[in-house]
Amino acid sequence: MRLNSLWAKLKKPRTFAFLATLVASLLVIPVLPASIQAATSKATIQFVAPDWVAAHAKDANLSVLDVRTAPLEYIAGHLPRAVNIADSNFRGPNGVLPVQYWDNTKLADTFSKAGVSNRSKVLVYSSGNDVLGATMVAYLLERSGVKEIAVLDGGYAGYKNANQPVTKEFPRYSPGKFVLKDDPSIRVNLSQVQNLIGKPGVVFIDPRPPELFRGEKDIWIRNGHIPGAKNIPWPTFTEANNAQESLKNPHKLKSLSEIRALLAERGIKPSDDIIVSCSTGREATLQYVVLKHLLGYPKVRVYEGSWTEYSTTDLPVATGPEKTLTSTTN
């Protein structure tokens, strides 16, 4: 009798329609590919001194990524266990724009081929004119779900000058088993940028050279900056322009107290909702790492499309020096 009663209820139109809707909704729940999952934990990124490398030399889970773009520089000498994977390998065309970060599937494959697994702690370093390749890869590691990341403060040159061991031997390793765990909370897209312009408490930082910020060079379809953005060129965070020639190093950070003072002078507060936007999403990563991970500012994100994408739209463009934008509440 109970079965007959239950069947009678299920045959009622409203009950049947509800159950059909429930089953249909369960069937269309999106399933991420096996190599991509949602992020479940936050990462930490630190800048480490050259002697940190020796102290962690026996850590079996440490992966060392040499992201220099000139292969002969790597071949001539590199950190022990370092795998060369040029930072240019992480970007390319996406069918609309150039030099955009590869899709998550390709990023997962790239890290795997460099020996990174989900258990890895990763040290990244570079050399040359800027530290940006190293911070870009560190950012992408965080974005992909790696938990412990370090950037070599001072880069390869600073490491060698500290008389730390280098080698020409190529490491032997197996590709890592890396399941990418995407963390979209650390980045914004164009639609979000459009909605954030002029909002109270939102600050856009643009780390490009002043002449690009002001729109004085004809490079993009439209030249200039996001209205209301503050221009803080990325080298101001480093020793790139140290008055003492021997101390010049674009891979060496200034002291955090100096950087805090610079930010305070520019009116940037830890409580601000900070979006860092640059030329191609690469320069922005240095200030993102410093503000979020080293200074502990709680809400810092990267606009990955940056000016390469923004300049192709019909959104407002500002030129010339910085101008305070009147906040809107709509």
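How many of the 330 residues of the protein chain count as buried? In this predicted model, in which local features need a pLDDT of at least 70 and side-chain atom pairs count only at pLDDT 80 or more, totals for chains, interfaces and linings use all residues. Residues are numbered from 1 along each chain as its sequence is written, and side-chain values use heavy atoms, with hydrogens and water left out. Of the 330 residues, 48% count as buried, where buried means under 20% relative accessible area, exposed means over 50%, and partly exposed lies in between (1.4 Å probe, protein chains only). The secondary structure of the chain comes to 12 helices and 16 strands; helices (H or I, at least four residues) and strands (E, at least two) are DSSP runs, numbered from the N terminus. Among the contacts with a separation of 6 or more, 76% are accounted for by residues 24 or more positions apart, a contact being heavy atoms within 4.5 Å.

Two packed helices are described by the angle between their axes and the distance between the axes. For helix α5 (residues 104–113) and helix α6 (residues 132–143), the axes come within 11 Å and cross at roughly 110°, which makes α5 roughly perpendicular to α6. Here the axes are lines fitted to C-alpha atoms, for helices over the stretch in contact, and angles run from 0 to 180 degrees between N-to-C directions; those under 35 degrees count as roughly parallel, over 145 as roughly antiparallel, 65 to 115 as roughly perpendicular and the rest as oblique. Asn104, Leu107 and Phe111 in α5 meet Val137, Leu140, Leu141 and Arg143 in α6, and the residues of this contact divide into five nonpolar, one polar and one charged. In that division Ala, Val, Leu, Ile, Met, Phe, Trp, Tyr, Cys and Pro count as nonpolar, Asp, Glu, Lys and Arg as charged, and the others, Gly among them, as polar.

The buried residues of α5 include Asn104, Leu107 and Phe111. At the start of α5, a side-chain oxygen of aspartate 103 reaches to within 3.0 Å of the backbone nitrogen of threonine 105, and the helix is followed by glycine 115, whose phi is positive, near 90°. Helix α11 (residues 284–294) is mostly covered, with nine of its 11 residues buried, and it is followed by glycine 296, whose phi is positive, near 80°.

Two arginines were examined individually. Arginine 208, found in the loop between β11 (202–206) and α9 (210–213), counts as buried because its relative accessibility is 0%. Its side chain is joined to that of aspartate 206 by a polar contact of 2.8 Å, the term denoting a pair of N or O atoms within 3.5 Å; within protein, one must be able to donate a hydrogen and the other to accept it, and residues adjacent in sequence count only if both atoms are side-chain atoms. The backbone oxygen of glycine 224 lies 2.6 Å from a polar atom of the arginine 208 side chain. Arginine 187 lies in strand β10 (residues 187–188) and is buried, with a relative accessible area of 17%; a polar atom of its side chain lies 3.2 Å from the backbone oxygen of aspartate 183.

Serine 271, by contrast, has its place in the loop between α10 (256–265) and β15 (273–276) and counts as exposed, at 64% relative accessibility. The C-alpha atoms of serine 271 and lysine 299 are separated by 7.6 Å, although the two residues are 28 residues apart along the chain.
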